[in-house]
Amino acid sequence: MKLYSFDGIDATLDFVPLAGRRALDRVGLKPSLEAWRALPFEVRRGLVELGEAREIDLAAVESALAGLSIPRLDPAEDPNPLAVPEAVRARFGASRPISDALWVSLTPIDRYALAKMADRAKDDRLAAAYLEIVGQSALSTHLAPGGGARMVDVSQKPASLRRAIAETRVTMNEEAFARLEQHNAPKGDVLGTARLAGIMAAKRTSELIPLCHPLALTKLELELELDPPSHAILVRATVEAVDRTGVEMEALTAVSVAALTVYDMLKGIDRGMEIGPTRLLGKSGGRSGDFSR
């Protein structure tokens, strides 16, 4: 059950907590404090749980209060999930910044709570709400309010085509490159194995990089091109997905693991191989816009 410390309401639910208010606002019902306290505790608790959900079951809220004489108002929508409302931004001010990226990463009940505080709270309560809901997250969306890492909530972002291209190089001595060209490396097919390793790694990026979201990749091309004058292999990955977050890490992971596989398969010939530079060449899709070198 979602209860905020700054709201000053405990588990007895003698007062209407913000999650309960969100559920009631969405259906346009405003019970008096007496009417709220007259409700059975399990009904009050149920309304709070409905109000903290990502999507409120409006029919369930109506059903919980069916038959009661409660004043009705116009139903209120949740705050815009994709951008900080100007009234909220202005009320919290420059000393308590809320970026659009942070706003999107918050849960609907957290956005609702901040909007409510911006609308009516006194300065001390406003500051307490900011500290509890935003806190260290103002420094990075990957930080929880109280510090420590967290995965960013991207559920409110619209799914769109995301694309990224990354590359790296593996440079080796003449003997190792010759064995590679002649397909007689001791461990077998270097290029084929590296290509498969890179593809497999990209599909498992979320298991390798903390806080990455698991994505359903729709396209993954991994090219390994020989550069004889430099005794090097150019590794390039193109990754696509229709999702709510980018695929840059998948592309970078693909080329990195492919390069490491090349090293592993040829290290018996040349332990001085060099990998890199590894870099993102371009990305497209999402709110941050396009990037290219």
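On one side of helix H8 (residues 123-133), Asp124 and Leu131 are exposed, where exposed means over 50% relative accessible area, buried under 20% and partly exposed in between, with a 1.4 Å probe and protein chains only. Helices (H or I, at least four residues) and strands (E, at least two) are DSSP runs, numbered from the N terminus. The model is predicted, so local features need pLDDT of at least 70 and side-chain atom pairs count only at pLDDT 80 or more, whereas totals for chains, interfaces and linings use all residues. Residues are numbered from 1 along each chain as its sequence is written, and side-chain values use heavy atoms, leaving out hydrogens and water.

Turning to the covered side, Leu126, Ala129, Tyr130 and Ile133 of H8 are buried. They span an arc of only 100 degrees around the axis, and therefore lie on the same side of H8; the arc is that of the directions from the helix axis to the C-beta atoms. The cover over these buried residues includes helix H5 (86-92) and H7. After H8 comes Gly135, with a positive phi near 50 degrees.

Of the twelve residues in strand E3 (residues 232-243), ten are buried. E3 runs antiparallel to strand E1 (residues 160-171), joined by twelve bridges; two strands pair if DSSP finds at least two bridges between them. Glu167 has Arg236 in E3 as its bridge partner. Strand E2 (residues 217-227) also pairs with E3 in the antiparallel sense, over ten bridges, and Leu226 stands opposite Ile233 in E3. Four residues lie between E2 and E3 in their hairpin, and His231 in the turn has a positive phi of about 50 degrees.

Notes
Contact = heavy atoms within 4.5 Å.
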